[in-house]
Amino acid sequence: LRPTSGRACSPKAMSEHTAVTVTWRGLWDETASVIGDRQHARWMCEIASSTDPEEFLAGLDQTPMTRMVSHLDAMVARYQTGEPLQYVLGSWSFRRLDLNVDKRVLIPRPETELVAEVAISLALAFNDERTLVDLGTGSGAIGLACADELPLDGTTVWLTDASSDALDVARANLAGVGRAARNVRVALGNWFAALPDDLEADVIVSNPPYVAVGSVDLETNVGEWEPKDALFAGADGLNDYRVIIPGAIDYLRPDGWLVLEIGYDQGSAVSALFEQQGYRKIEVRQDLAKLDRIVFAKRPA
């Protein structure tokens, strides 16, 4: 951030149309006072200043341009309405990536990073070439993390979604994987309808909707702001698993794997769906909170 001369406004002063001279240090302090969270305030200031964390701290005593303070003021106003921080910032980290996120897609969560980790580990076992499919990709989080961390040579990753809006976000995030973007294919369609009929995948991974309609476990803020089509899956939350688990058989190689994120109380039910279809080596894995979070299994023989 280059020092600039002139007048700028703090979030509070801007709302009152009162011009003041201020530094980023002062804006950070005042924003933290307004929203009650100093770390969130810092992230907002970093976004508004278009700097990375080190640059922001090095420039705390510089004077922001008015348009930067206007941006900060707008973020504070959105945050105060209850809009999730990730949407307010417009980006969120996922494994090694910084992803664009907005109300068209679910917010990437730490639990889903573990889903990507399992998919990457399984895909790495295919030594020469590997094809991975991220069904219902949303922001592209899982599939792009896989493309980013799998070998550049011999890797193909498919990102699919039934929402064209979600795929627009995923495409915008493609640049974040650098050269690995050449290995990524993006396809519109509901589950397997997005894929070529002759595709054979080594790993299919998905974080599908799994919240039961009317669930009391869903946080109010999530239900109000995040896309409902990506959250709810019928009366028991299992509707999409009933489509994906049998459907994946036709698109997996004989030794391929299906990896699914699940709700904390769905381990037994989803495992049973795998068993009904004859999948092998079914495993339920927990997240860092020791809650069931992932079920994966090998295609039926």
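User: Let's start with one residue. Is Asp102 buried, partly exposed or exposed?
Analyst: Asp102 is partly exposed, with a relative accessible area of 25%. Keep in mind that this is a predicted model.
User: What does the side chain of Asp102 meet in a salt bridge?
Analyst: The side chain of Arg104. The N to O distance is 2.7 Å. Arg104 is partly exposed, at 38% relative accessible area.
User: Why do such side chains pair up?
Analyst: Side chains of opposite charge can pair when their charged atoms come close.
User: How many salt bridges does the count come to?
Analyst: The count comes to 16.
User: Which residue does Arg95 form a salt bridge with?
Analyst: Glu149, with the closest N and O atoms 2.7 Å apart.
User: What about the rest of α8, buried or exposed?
Analyst: Eight of the nine residues of α8 are buried, so the helix is largely enclosed by the rest of the structure. Among the buried ones are Ala141, Leu144, Cys146 and Asp148.
User: New topic. Which residue pairs with Arg253 in a salt bridge?
Analyst: Asp202 does. The closest N and O atoms are 3.0 Å apart. This pair links distant parts of the chain, with Arg253 in strand β7 (residues 252–261) and Asp202 in strand β6 (residues 201–206), 51 residues apart.
User: How exposed is Arg253, and how exposed is Asp202?
Analyst: Arg253 is partly exposed, with a relative accessible area of 26%. Asp202 is buried, at 3%.
User: Which salt bridges share partners?
Analyst: Those that join Arg95, Glu117 and Glu149 into one network.
User: Back to Asp202. Which backbone nitrogen lies 2.7 Å from a polar atom of its side chain?
Analyst: The backbone nitrogen of Thr131.
User: What else is Asp202 in contact with, leaving aside neighbours within four places in sequence?
Analyst: Its contacts include Phe126, Glu129, Arg130, Leu252, Gly256 and Trp257. Arg253 is on that list as well.
User: Now the nonpolar side. Which residues touch the most other members of the largest nonpolar core?
Analyst: Leu132, Leu144, Val203 and Val259. That core has 33 residues. The elements giving two or more residues to this core are β2, α7 (110–124), α8, β4 (155–161), β6, β7 and β9 (292–298).
User: Which element gives the largest share?
Analyst: That is α7, with eight residues.
User: What does Val203 touch, not counting residues up to four places away in sequence?
Analyst: Its contacts include Ala119, Leu122 and Ala123. Phe126, Leu132, Trp257 and Val259 are also among them.
User: How many residues are in the other core that lies apart from it?
Analyst: That core has 29 residues, among them Leu238, Ile249, Leu258 and Leu273.

Terms used:
Residues are numbered from 1 along each chain as its sequence is written. This is a predicted model: local features need pLDDT of at least 70, side-chain atom pairs count only at pLDDT 80 or more; totals for chains, interfaces and linings use all residues. Side-chain values use heavy atoms; hydrogens and water are left out. A salt bridge is a side-chain nitrogen of Lys or Arg within 4 Å of a carboxyl oxygen of Asp or Glu. Buried means under 20% relative accessible area, exposed over 50%, partly exposed in between (1.4 Å probe, protein chains only). Helices (H or I, at least four residues) and strands (E, at least two) are DSSP runs, numbered from the N terminus. A nonpolar core is a set of buried Ala, Val, Leu, Ile, Met, Phe, Trp, Tyr and Cys residues joined through side-chain atoms within 4.5 Å. Contact means heavy atoms within 4.5 Å. A polar contact is a pair of N or O atoms within 3.5 Å; within protein, one must be able to donate a hydrogen and the other to accept it, and residues adjacent in sequence count only if both atoms are side-chain atoms.
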